[in-house]
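Good morning, and thank you for coming.

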Amino acid sequence: MGASTVLKNYINGAWCSSSATTHLDIINPATTDVLATVPLSSASEVDQAAQAAQAAFVSWRRTPATDRIQYLFKLKTLLEEQLEALAQTITQECGKTLAESKGELRRAIENVEVACGIPILMQGYNSEDIAKGIDESMIRQPLGVTAVIAPFNFPSMISFWFMPYAIACGNTVILKPSERVPLTMQAIVQLLEQTGLPKGVVNLVNGDKTVVDAILDHSLIRAISFVGSTPVAKYVYSRAAANGKRAQCQGGAKNPVIILPDADIDMTTRIMADSAFGCAGQRCLAASIAVTIGGARQPFTEAIADVAQSRIVGYGLDDNVQMGPVISAQSQTRIEGLIQKGADEGATVLVDGRQPSVSRYEKGYFVRPTILQNVDPTGDIARTEIFGPVLSLMHLETFEDAIALINGGQYGNMACLFTSSGAAARKFRYEAEVGNIGINIGVAAPMAFFPFSGWKDSFFGDLHGQGHQAVEFFTQTKVVVERWKDWTRQF
């Protein structure tokens with residue numbers, strides 16, 4: 001694609017030009033080259049997609065589950081074959097390294113594989129003779145038209161927390177990729193098209209808030225899956241719920257990591273650097289606060305500072321690059337402003353990644369790894385999701401103080417502990433009030449057959465993406481009570 005390419009929507013099995021009057025350039029954040037142009041579609045185009053999806057649902061829900069998953073088997077094969085090209089697209093539009101892009105696609109493929117188990121995962125249950133001659137069963141049926149509203153930071157993976165399960169369960173889907181990174185999903189829908197998936201089962205509408213609001217308000221759309229910042233997650237959840245829709249809305253995070261004196265400092269440092277600075281810190285499971293306890297303070301501080309200073313930053317398609325740019329100039333400005341805010345609150349900027357000059361990519365939106373030392377646990381910077389390669393260091397006297405810090409936070413997405421103590425690990429797992437726990441793990445990302453949990457202001461809803469909970473979310477239960485004998489019983 002080139003700068004003159006205007007992306008199309010995919011509605012009812014056909015690629016169609018949008019009637020949008022406003023378009024956005026898709027920018028490579030490392031080079032600032034314009035990759036293509038995305039239309040900001042209208043509410044009427046959402047309606048077209050919803051009508052097509054509803055029409056397709058009539059026959060799709062009657063397609064046996066064993067037949068529905070054949071399209072997913074084909075999709076898995078195509079994703080494997082096109083993994084390198086898709087990874088390059090992710091890196092070009094999102095900025096992460098090629099290795100990170102490939103890893104993201106692997107997690108997407110895992111969800112396709114799990115969704116292929118829908119003939120078993122979607123099974124109900126039954127009981128005979130709940131009363132004399134009366135049997136009762138529970139079956140699962142699809143909802144209808146569903147929608148996925150995806151963020152910029154994982155252009156492929158996050159949609160796959162939802163979409164494969166939705167269609168495997170017999171639903172139809174409208175995809176709304178982030179207008180910042182729509183190229184990847186454009187390519188994936190082209191692969192879906194190659195599987196022979198019936199028209200209208202999966203639709204794609206490009207756009208911004210206008211499209212989101214149209215999805216939230218449309219009477220035919222039964223369920224919304226969303227990932228993004230907490231303020232927007234609250235907005236999507238409340239508006240979807242007000243319109244009688246199911247909603248699962250993943251919000252922001254401020255993920256703390258506790259380092260006890262008995263932790264292996266070398267291992268901890270390597271893992272923590274990947275967690276805090278991987279994907280340029282633009283992921284909801286990035287470690288953002290490191291809390292040292294007792295004697296862990298000095299060795300960890302020195303080690304993580306050395307790693308941060310030595311991390312290779314550049315264009316993700318170049319060899320040996322360990323971290324790419326952030327997504328936009330606005331994000332770069334925001335992150336650098338928050339680093340300054342931390343300093344204003346009394347933190348020491350131990351490693352300063354602001355305004356770097358990256359050879360050959362001087363115009364790119366880069367922020368190098370940054371370490372803020374002695375961050376005030378009560379300050380704004382300790383509570384604000386920076387969403388960039390910035391790690392805040394704190395020191396507390398006791399393990400109990402650290403758990404209290406976690407439990408007193410606004411968010412509940414992830415918390416991790418580094419230790420050699422099984423007793424400490426069990427206490428942490430038991431008491432930390434977050435949805436994803438890591439023990440000697442820096443990014444506690446669940447496999448596709450586990451739910452992507454989140455608590456407090458990190459999640460709004462009851463059922464998460466992936467695995468069994470995704471199947472529950474995309475189906476509704478129907479209980480059948482029936483009598484087929486003992487008609488002569490007197491009442």
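Threonine 89 lies in helix H3, which covers residues 83-94. Please note that the model on display is a predicted one. Is threonine 89 buried or exposed? Its relative accessible area is 17%, and because the limit for a buried residue is under 20%, threonine 89 counts as buried. Leaving aside residues up to four places away in sequence, threonine 89 touches Leu183 and Thr184.

Residues 183-194 make up helix H7, whose axis comes within 9 Å of the axis of helix H2, residues 65-81. The two axes cross at roughly 135°. That angle makes H2 oblique to H7, because only angles over 145 degrees count as roughly antiparallel. The crossing of H2 and H7 is right-handed. Which residues of H2 and H7 meet there? From H2 come Leu75, Leu78 and Leu79, and from H7 come Ile188, Leu191, Leu192 and Gln194. By class, this contact of H2 with H7 has six nonpolar residues, one polar residue and no charged residue.

Helix H10 spans residues 265-277 and helix H11 spans residues 297-310; their axes come within 9 Å and cross at roughly 50°. H10 is therefore oblique to H11. H10 and H11 also cross in a right-handed manner. On the side of H10, the residues in contact are Ile265, Thr268, Thr269, Met272, Ala273 and Phe277. They meet Pro299, Phe300, Ala303, Ile304, Val307 and Ala308 of H11. In the contact of H10 with H11, ten residues are nonpolar, two are polar and none is charged.

Let us turn from helices to strands. In what order do the three strands of the open sheet stand? The order is S5-S6-S22, and the pairing is antiparallel. S5 and strand S22, residues 475-483, are the edge strands, since each of them pairs on one side only. From one strand to the next, the twist averages 25°.

Strand S5, residues 125-131, is joined by four bridges to strand S6, residues 134-142. Within this pairing, serine 127 has glutamate 136 in S6 as its bridge partner. S5 and S6 form a hairpin, with two residues between the strands. Glycine 133 sits in that turn and has a positive phi of about 75°. On the other pairing, S6 is joined to S22 by nine bridges, and these strands also run antiparallel. Here aspartate 135 stands opposite glutamate 482 in S22.

I close with another glycine. Where is glycine 13 found? Glycine 13 is in the loop between strand S1, residues 9-11, and strand S2, residues 14-16. Its relative accessibility is 27%, so glycine 13 counts as partly exposed. Not counting residues up to four places away in sequence, glycine 13 touches Glu193, Lys199 and Gly200. How far apart are glycine 13 and glutamate 136 in sequence and in space? They are 123 residues apart in sequence, and 40 Å apart in space from C-alpha to C-alpha. Glutamate 136, as we saw, is the residue in S6 that partners serine 127.

Key. Residues are numbered from 1 along each chain as its sequence is written. This is a predicted model: local features need pLDDT of at least 70, side-chain atom pairs count only at pLDDT 80 or more; totals for chains, interfaces and linings use all residues. Side-chain values use heavy atoms; hydrogens and water are left out. Two strands pair if DSSP finds at least two bridges between them. Buried means under 20% relative accessible area, exposed over 50%, partly exposed in between (1.4 Å probe, protein chains only). Contact means heavy atoms within 4.5 Å. Axes are lines fitted to C-alpha atoms, for helices over the stretch in contact, and angles run from 0 to 180 degrees between N-to-C directions. Angles under 35 degrees count as roughly parallel, over 145 as roughly antiparallel, 65 to 115 as roughly perpendicular and the rest as oblique. A crossing is left-handed if the near helix is turned anticlockwise from the far one by less than a right angle, and right-handed if clockwise. Ala, Val, Leu, Ile, Met, Phe, Trp, Tyr, Cys and Pro count as nonpolar, Asp, Glu, Lys and Arg as charged, and the others, Gly among them, as polar.
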